[in-house]
Amino acid sequence: MNSEVFWMIIGMGIATYIPRLLPFVLFKGKEMPSFLQGVLKNIPFATLGALIFPGILFIQDDISFGLLGAAAAFLIAYLGANVIVVVLGAIAVLSVYSVFI
Amino acid sequence: MAVTAVEGEAPQFKQGLQAGVSIAIGYAPIALTYGLLAKTTGLTMAETVMMSLVVFAGASQYIALNLLALGTSTFEIILTTFIVNIRHFLMSTALNEKSDEADGLFKKSAYAFGITDETFSVAATKPGVVTAGYMIGLNLMAYASWVVCSGLGHLFGASLPETLQESMSVALYAMFIGLLVPSMKGAKKVIYLAVVAACFNSIFTITEALSSGWSIVLSTLISSFLIEFIEYVKLGKKGGGSNE
């Protein structure tokens, strides 16, 4: 193995691990003010919104591909299906769609 | 470890593994493509798999390949990796609030390694506390898919049918939607949080004002603070007798 690539990977590993680890060390056993606790409880849902849009529109050059995938996933999820069913359902809908275009 | 906690942790670990299956499916096409790209960039099989083993972060690995191809210095690549992954600081902070107080720092440090956008989303939307057993199961399933598929991609990524690769690119997004929608049904607040963050992220991304890593961090923070603040002010007013 090329030693420069080796050290690059080690460096990248450390650079990735630090932000993942630090909050567990810094905020260990500390009671946060209630407003801040509220903000932290909001983070998962805000993150999901930001992770979905606008990224899903650009999964292929054709924006309608992403829109259709989003609509299919949303509908299947709204009907109460399990996450795996949502994932497989969206893949199936887009597979059918790409056969017809 | 297993001896002292057989009672609670075995089912938790198994639950985590099961919850990780949709992530494993979603990672497959991304890791296969990564493996293929790594090969074209000139990385050996060992280097390709080692990067997935040590880094375990999709976006940074793609960016690293891109920068390697451009001849960027090692230091810059490491710095970029750090910047792209600062958003995990936010996720770990949120997850720390949900973590099981019985788990010591050692166990938390172990599962902190496996926190990605996807494992975080699954764990954070799960009701109740998040135990180390659950997190390790969840991470292990996602990690195994990531590492194995990276290697497979290096081996024969190019021979996957293209239509399947295209359709599978929606997988992780569909998973995020599948995690978000059930929580939306219960609460208007969740809808506001997601929509406001999505709007800010769209503005930052489409105007190219920020790189995607910073854009996600900033839109998440703005939305989380803003919605909490509005609720705080509204509740305060309600207490004072006003109706709005």
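Between domain 1 of chain B and domain 2 of chain B, the rule finds zero residue pairs in polar contact (both at pLDDT 80 or more). A polar contact here is a pair of N or O atoms within 3.5 Å; within protein, one must be able to donate a hydrogen and the other to accept it, and residues adjacent in sequence count only if both atoms are side-chain atoms.

This is a predicted model, where local features need pLDDT of at least 70 and side-chain atom pairs count only at pLDDT 80 or more, while totals for chains, interfaces and linings use all residues. Residues are numbered from 1 along each chain as its sequence is written, chains are lettered from A and ligands numbered from 1 in the order in which they are written, and side-chain values use heavy atoms, with hydrogens and water left out.

**The two domains of chain B**

Let's stay with chain B for a moment. Domain 1 covers 7-166 and domain 2 covers 187-244, with bounds that come from an automatic or database domain assignment. Their C-alpha centres lie 27 Å apart. How many residues are in contact across this boundary? Five residues of domain 1 of chain B meet six residues of domain 2 of chain B, where contact means heavy atoms within 4.5 Å.

The two domains bury about 480 Å² between them, and carbon and sulfur atoms give 88% of that area. Buried area is the accessible area (1.4 Å probe) that two parts lose on being put together, summed over both. B:Ile83, B:Arg87 and B:Leu90 supply 74% of the area that domain 1 of chain B buries against domain 2 of chain B, more than any other three residues. On the domain 1 side, helix H5 (74-84) and helix H6 (87-98) of chain B are the elements that give two or more residues. That side divides into four nonpolar residues, no polar ones and one charged.

B:Arg87 has a salt bridge partner too: its side chain meets that of B:Asp117 (2.8 Å, N to O). This pair links distant parts of the chain, with B:Asp117 in helix H8 (residues 117-125) of chain B and B:Arg87 in helix H6 of chain B, 30 residues apart. Over all chains, the structure holds three salt bridges.

As a whole, chain B has 13 helices and zero strands. Helices (H or I, at least four residues) and strands (E, at least two) are DSSP runs, numbered from the N terminus. The C-alpha atoms of chain B fill a box of roughly 70 × 55 × 40 Å, taken along the principal axes.

**Where chain A meets chain B**

Now for the contact between the chains. It takes 68 residues from chain A and 83 residues from chain B. The area buried between them is about 6,800 Å², of which carbon and sulfur atoms give 79%. Zero salt bridges are counted between chain A and chain B, but 17 residue pairs are in polar contact (both at pLDDT 80 or more). Four helices of chain A each supply at least two residues of the side that touches chain B: H1 (3-26), H2 (34-52), H3 (63-78) and H4 (83-100). H1(A) gives the most, with 22 residues. The chain A side divides into 50 nonpolar, 15 polar and three charged residues. In this grouping, Ala, Val, Leu, Ile, Met, Phe, Trp, Tyr, Cys and Pro count as nonpolar, Asp, Glu, Lys and Arg as charged, and the others, Gly among them, as polar.

| Span | Distance between end C-alpha atoms | Helix and strand |
|---|---|---|
| Chain A, residues 39-59 | 30 Å | 67% helix, 0% strand |
| Chain A, residues 71-100 | 18 Å | 87% helix, 0% strand |
| Chain B, residues 17-37 | 29 Å | 95% helix, 0% strand |
| Chain B, residues 190-207 | 26 Å | 94% helix, 0% strand |

**Two backbone details**

Most residues other than glycine have a negative phi, and most peptide bonds are trans. Which two residues does a cis peptide bond join? They are A:Phe53 and A:Pro54, with omega about 0 degrees. A:Pro54 sits in the loop between H2 and H3 of chain A. In chain B, B:Phe56 has a positive phi of about 50 degrees although it is not a glycine. B:Phe56 is found in the loop between helix H3 (45-54) and helix H4 (58-70) of chain B.

Terms used. Salt bridge = Lys/Arg side-chain N within 4 Å of Asp/Glu carboxyl O.
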